[in-house]
Amino acid sequence: MGEIYQNLIGGTWRKADDASENRSPSDITDLIGMFARGGAKDVTEATDAAELAFPAWSRSNPQVRADLLDRIATEITRREAEIALMLAREEGKVLPEALAETRRAAHVFRFFAGETLRLKGDAVASVRPDVDVEVTREPLGIVGLITPWNFPIAIPAWKIAPALAYGNCVIFKPAEQTPGSAHLLAQIIHEAGCPAGVFNLVMGRGSVVGEAMTSDPRISGISFTGSVPVGRHLAGTCAANMKKLQMEMGGKNPMIVMDDADLQTAVSVCLNGAFYQTGQRCTASSRLIVQSGIHDAFVAEVEKQLKALKVGHALTEDMQIGPVASESQLNSNLSYVALAAEEGCEVLGGERLNRDTNGFFQAPALFLGSKNSMRSAREEIFGPCASVIRVEDFEEAVSVANDTQFGLSSGICTTNLRNAREFKRRSAAGMVMVNLPTAGVDYHVPFGGRKASSYGSREQGSYAAEFYTSVKTAYTFAG
Ligand code: NAD
């Protein structure tokens, strides 16, 4: 066994009792490395270190925090090719997607470098004479950050950057499938001069490391991104332990295509939204709700372009769709393809593909003739699969779009301003797109959804302060 990439606890790389292999989903013979698999003891030690670091860090000059975040952003940019290669290798996204995600992470750190200096409070007139009232924001405390595998550097960045910017100490637990990107980011944060204990990396299983984080009373808040079942469980444990909680979870995002849409725009928006990044985006357009007049032309064009999409090894030049991230995810996707057929859909694509390397490749799938009541149209698949649901008019389209337990992102392709305006108002989702894919957002504005997709305050942009700070109201009598 070669080098084991270790956890970062209290400013040192610490050995864990166990380690796990990280292999590429494009080629399971490609061993990326062995990564520490921490336990509850590591979470306790990381929390001890964070507790020691918190008093000084929480009161540090904001310029110190701004400079640290700026150095991290610069280093991510300097090492972007290396980081993107790691993302592509361990998660399976194609290199241009991996590079774009890495650049986003750098932008996020740079944005929050500025935010350290923009945190505002209020001075309010009191209802009592000679009393001043001030409302200020203070760091929340020690925060636990739990992330999924599908954006292994962007999601950690949009949690870690605001946490540090506002003076919190961090325990970061990345997904088991993508420790390599997390380890690179931890190296960068450490080498940029982050004080010992302010930022800690504890890799390991959700059921062990994640559980330990949600039960330690010294951790004030948990920011989680992942699936609804795990989120539901965390909501219970965090409430029992009185922890502040913020969660971003799954989606079954609708994209409406109206008869008046520009066909080529609609096709490219839907192909991108449904299938890029192998459909493994919480904001993926997995329900294509298409008005009858354009339905057949739309399906014919999507089918043609779908067949031309290149699926294969994430590191091959010009590849468009990488592998599914893991064998278990591939098996789950294939079972949904079979289910859609059983439910009466005509299934185009969706089969497992053989390539030169032993990876988890799957042809993108369209479920034609789908109904919104079908399980294949209601449950999040999290793979390259989209249901096509035919509707008669705008009213039916909006009602189908909103008829879901989720509410993350939604979209409409239309050239009619009234349809666009009306849909933006009536969509029951946290993010609404007009003539743009449901996936793909800016980094300086709030990100999040409604219903089962989200819980707690929004992430990203200046709205991130809602979670990472605690409000204090101070009264002074100067009579
Ligand atoms: P997951 O819920 O299985 O795991 C997410 C994280 O939670 C991992 O780090 C995992 O180790 C940890 N975890 C698991 N059990 C835990 C427990 N008992 N206590 C604490 N932590 C635990 O999700 P995944 O498979 O990694 O990611 C896919 C899911 O993430 C999809 O549902 C997708 O929609 C969602 N997602 C949502 C967003 C968003 O912003 N809304 C973004 C990306 C992914």
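Predicted model: local features only at pLDDT ≥ 70, side-chain atom pairs only at ≥ 80, totals over all residues.
Hi everyone, thanks for coming.

Let's begin with the whole chain. The protein has 15 helices and 25 strands. How does its radius of gyration fit with a compact globule? For 479 residues, such a globule would come out near 23 Å, and the protein has 23 Å, so the two agree. The C-alpha trace spans about 75 × 65 × 40 Å along the principal axes. Of the 479 residues, 58% are buried. If we take contacts with a separation of 6 or more, 72% of them join residues 24 or more positions apart.

The accessible surface is about 19100 Å², and carbon and sulfur atoms supply 52% of that. As for charge, there are 47 positive and 55 negative ones, and their mean positions are 3 Å apart.

You'll find Trp149 in the loop between strand E8 (142-146) and helix H5 (154-165). Is Trp149 buried or exposed? Its relative accessible area is 12%, and buried means under 20%, so Trp149 counts as buried. Beyond residues up to four places away in sequence, its partners include Glu91, Gln177, Gln280 and Phe382. Trp57, for its part, sits 92 residues from Trp149 in sequence and 29 Å away in space, C-alpha to C-alpha.

Next, please find Thr214 in helix H7, residues 206-215. Thr214 is buried, with a relative accessible area of 0%. What does the side chain of Thr214 reach? The backbone oxygen of Glu211, at 2.9 Å. Leaving aside neighbours within four places in sequence, Thr214 also touches Ile222, Leu234, Thr237, Cys238, Asn241 and Lys243.

Last, a pair to look at for their backbone angles. Most residues other than glycine have a negative phi. Asp130 is not a glycine, yet has a positive phi of about 60°. Thr278, not a glycine either, has a positive phi of about 55°. Where do they lie? Asp130 is in the loop between strand E6 (122-125) and strand E7 (131-139), while Thr278 is in the loop between helix H9 (263-275) and strand E14 (285-291).

Methods
Residues numbered from 1 in each chain as written. Heavy atoms only, no water. Helix = DSSP H or I, 4+ residues; strand = E, 2+ residues; numbered from the N terminus. Rg over C-alpha atoms; globule rule 2.2 N^0.38 Å. Buried < 20%, exposed > 50% of the residue type's maximum accessible area, 1.4 Å probe, protein only. Contact = heavy atoms within 4.5 Å. Areas by Shrake-Rupley, 256 points an atom, 1.4 Å probe, with all protein chains shown as cover. Lys, Arg positive; Asp, Glu negative; His and termini not counted. Charge placed at Lys NZ, Arg CZ, Asp CG, Glu CD. Polar contact = N/O pair within 3.5 Å; in protein donor to acceptor, adjacent residues only side chain to side chain.
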